[in-house]
Amino acid sequence: MPPLDTADCSRLQFPGRFQIIGLATLIIDILGVRSSTPGSDSHAFFVLGMLLCGLLVMTSIVGCYAICSEIFGVNIIYSIFMLALLILQYLQLRSFQPNGVYFHSLQNLEMAWRNVGVEPKVMDDIQMNLGCCGFFNSQDYAYKNLSVPASCERAIEGVSQSQQIGCLEAQWRSHIVMTRRQELFNWALLISESLTLFYSIILCILIRRQRNLARQPERNALVPEIVQHNNIGSRYPLL
């Protein structure tokens, strides 16, 4: 394999960026697996996303080798893999149902608030992670004849009661941010796959054309020999 030059490094930008986006999406899928219920549709979606992103990262490594080596067969295999992964990624994006993750988080919040008087640690963890207080606001603790815990300090410090954020609203905001981030990375990954597939097809065409041009002088050199051999063979009966 020839040493890398500036052109090779510029051509590696496609699979390189594609690999970075794939790793970022893989991290988001791992977080989604942790926040979803095992056995649910959302959990299966994130597990499938992890597997696809792992395959995408490995395929991008093969793509780097295919681009650097300029071997026609390797580039064909890489293009086929990219087409298959592009179809799978599109089907996964179409089956994305973020509401399942939100309902699971909402059930956990309701359970934690229902048992806040018996087991306050679960609610404290939610309030510290989301920066909220109570189910609707801090006044909810007064309805349960409980004092406001220390985990609410970040949510109520210097904020009036009307502007306080309850955990129900904070959970919804967190869900919206997570959904938009997931869709953004999925679409970015899908676009990157499409561009990489298009580039690999163009590269296959160029490699094929370069191979044909390299063989053209040999074919041109063989034509006179074949013609001369045919002419000599055709004169033997005349003699």
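These legends walk through several close-up views of a predicted model. Residues are numbered from 1 along each chain as its sequence is written, and side-chain values use heavy atoms, with hydrogens and water left out. Because this is a predicted model, local features need pLDDT of at least 70 and side-chain atom pairs count only at pLDDT 80 or more, while totals for chains, interfaces and linings use all residues.

**View 1. The annotated transmembrane spans.** An unreviewed UniProt entry marks residues 43–65, 72–91 and 184–207 as "transmembrane region"; such annotations may be inferred rather than shown by experiment, and the positions follow the numbering used here, with feature names shortened. Residues 43–65 are 100% helix, with their end C-alpha atoms 34 Å apart. Residues 72–91 are 100% helix too, and here the end C-alpha atoms lie 29 Å apart. Helices (H or I, at least four residues) are DSSP runs, numbered from the N terminus.

View 2. Look along residues 120–130 and you'll find Met123, Ile126 and Gln127 buried (under 20% relative accessible area, with exposed meaning over 50% and partly exposed in between; 1.4 Å probe, protein chains only). Down the axis of H6, these buried residues fall within an arc of 95 degrees, so they line one face of the helix; the arc is that of the directions from the helix axis to the C-beta atoms. Turned away from that buried side are the exposed Lys121, Met128 and Asn129. Just past H6, Gly131 takes a positive phi of about 70 degrees.

View 3. Tyr102 sits in helix H5 (residues 99–114) and is buried, at 11% relative accessible area. Neighbours within four places in sequence aside, Tyr102 is in contact (heavy atoms within 4.5 Å) with Leu168, Gln171, Trp172 and His175. Tyr102 and Trp172 are 70 residues apart in sequence, yet 7.6 Å apart in space, C-alpha to C-alpha.

**View 4. The disulfide of Cys132 and Cys167.** The whole structure holds two disulfides, each a pair of cysteine sulfur atoms within 2.5 Å. In this one, the sulfurs of Cys132 and Cys167 are 2.1 Å apart. Cys132 is in the loop between H6 and helix H7 (140–143), and Cys167 is in helix H9 (residues 167–235), 35 residues away. Both cysteines are buried.

**View 5. The disulfide of Cys133 and Cys152.** Here the S to S distance is 2.3 Å. The torsion about the S-S bond is about 90 degrees, so this disulfide is right-handed. Cys152 is buried at 0% relative accessible area, and Cys133 at 1%.

Technical notes
Helix = DSSP H or I, 4+ residues; strand = E, 2+ residues; numbered from the N terminus.
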